[in-house]
Amino acid sequence: MTTRVADNTDESRFEIFDGGELAGFVEYHRFRDEIAFLHTEIDPRFGGRGLGGTLARSVLDEARKQELKVLPFCPFIRGWLGKHPEYADLVPEEQHARFGL
C-alpha cells in the first residue's frame, strides 16, 4: 500500500495516509520560526506497521526543510528524537535539557 504524509494546515496537523485512508496525525502549533509538536495519534487499526516512525521522520524532515526550530512537547516525537540523535539539532540547544535530549 502507498503511504503519504500531508500537511493539513486548516487543522494544524500533519496527516499520514495508508492506502488512501487516514491512519494518523501529528498536531502542531507554528509561531514565527518555531514548530511545536503537541500530540501524535495512529489509529489502532494501523498499529504495528511503523507508521508512527514514518510520520515522525517526515514531519522532522519538513521542519528541517523549512528551517524551523522544533519544540517536541509530544511524548512520541520527543521519544523518537531520543532514538534518532541525527535530528536533535532541530531542537534549539538551550531547549535540550527541557526535553531530555
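**Chat about the model**

Biologist: Before we start, what kind of model is this?
Modeller: It's a predicted model.

Biologist: Okay. How many residues are in the largest nonpolar core?
Modeller: There are 26 residues in it. Those with the most contacts inside the core are Phe 14, Ile 35, Phe 37, Val 59, Leu 60, Val 70 and Ile 77.

Biologist: And which elements give two or more residues to this core?
Modeller: That would be β2, β3, β4 (34-42), α1, β5 and α2. The largest share comes from α1, with six residues.

Biologist: Pick one of those core residues. What does Val 70 touch?
Modeller: If you skip residues up to four places away in sequence, Val 70 touches Ile 35, Phe 37, Leu 60, Ala 63, Leu 90, Val 91 and Pro 92.

Biologist: Now α2. Which of its residues are buried?
Modeller: Ile 77, Trp 80 and Leu 81. Looking down the axis of α2, the buried residues fall within an arc of 100 degrees, so they line one face of the helix.

Biologist: What do the buried residues of α2 pack against?
Modeller: They pack against β3, β4, α1 and β5. On the other side of α2, you'll find Pro 75, Gly 82 and Lys 83 exposed.

Biologist: Let's hop to Thr 40. Buried or exposed?
Modeller: Thr 40 has a relative accessible area of 14%, so it counts as buried. You'll find Thr 40 in strand β4. Leaving out residues up to four places away in sequence, Thr 40 touches Phe 25, Val 26, Leu 55, Cys 74, Phe 76 and Ile 77.

Biologist: New topic: rings. How many aromatic pairs are there in the whole structure?
Modeller: A search finds three. One of them is Phe 14 with Tyr 28: the ring centres are 5.1 Å apart and the planes are at 45 degrees, so that pair is tilted.

Biologist: Where do Phe 14 and Tyr 28 sit in the chain?
Modeller: Phe 14 is in strand β2 and Tyr 28 is in strand β3 (residues 21-31), so to speak a link between distant parts of the chain, 14 residues apart. Both Phe 14 and Tyr 28 are buried.

Biologist: What about Phe 73 and Phe 99?
Modeller: Their ring centres are 5.2 Å apart with the planes at 80 degrees, so this pair is edge-to-face. Phe 73 lies in the loop between β5 and α2 (75-83), while Phe 99 is in the segment after α2, so the pair ties together parts 26 residues apart in sequence.

Biologist: How accessible are Phe 73 and Phe 99?
Modeller: Phe 73 is partly exposed, at 34% relative accessible area. Phe 99 is at 6%, so it counts as buried.

Biologist: Which charged residue sits over the ring of Phe 17?
Modeller: Arg 4, with its charged end 4.3 Å from the ring centre. Arg 13 lies over the face of Phe 25, at 4.3 Å from the ring centre.

Note on methods. Residues numbered from 1 in each chain as written. Predicted model: local features only at pLDDT ≥ 70, side-chain atom pairs only at ≥ 80, totals over all residues. Heavy atoms only, no water. Phe/Tyr/Trp six-rings, centres within 6.5 Å; stacked < 30°, edge-to-face > 60°. Helix = DSSP H or I, 4+ residues; strand = E, 2+ residues; numbered from the N terminus. Buried < 20%, exposed > 50% of the residue type's maximum accessible area, 1.4 Å probe, protein only. Lys NZ or Arg CZ within 6 Å of the ring centre and 35° of its normal. Core = buried A, V, L, I, M, F, W, Y, C linked by side-chain atoms within 4.5 Å. Contact = heavy atoms within 4.5 Å. Arc of directions from axis to C-beta.
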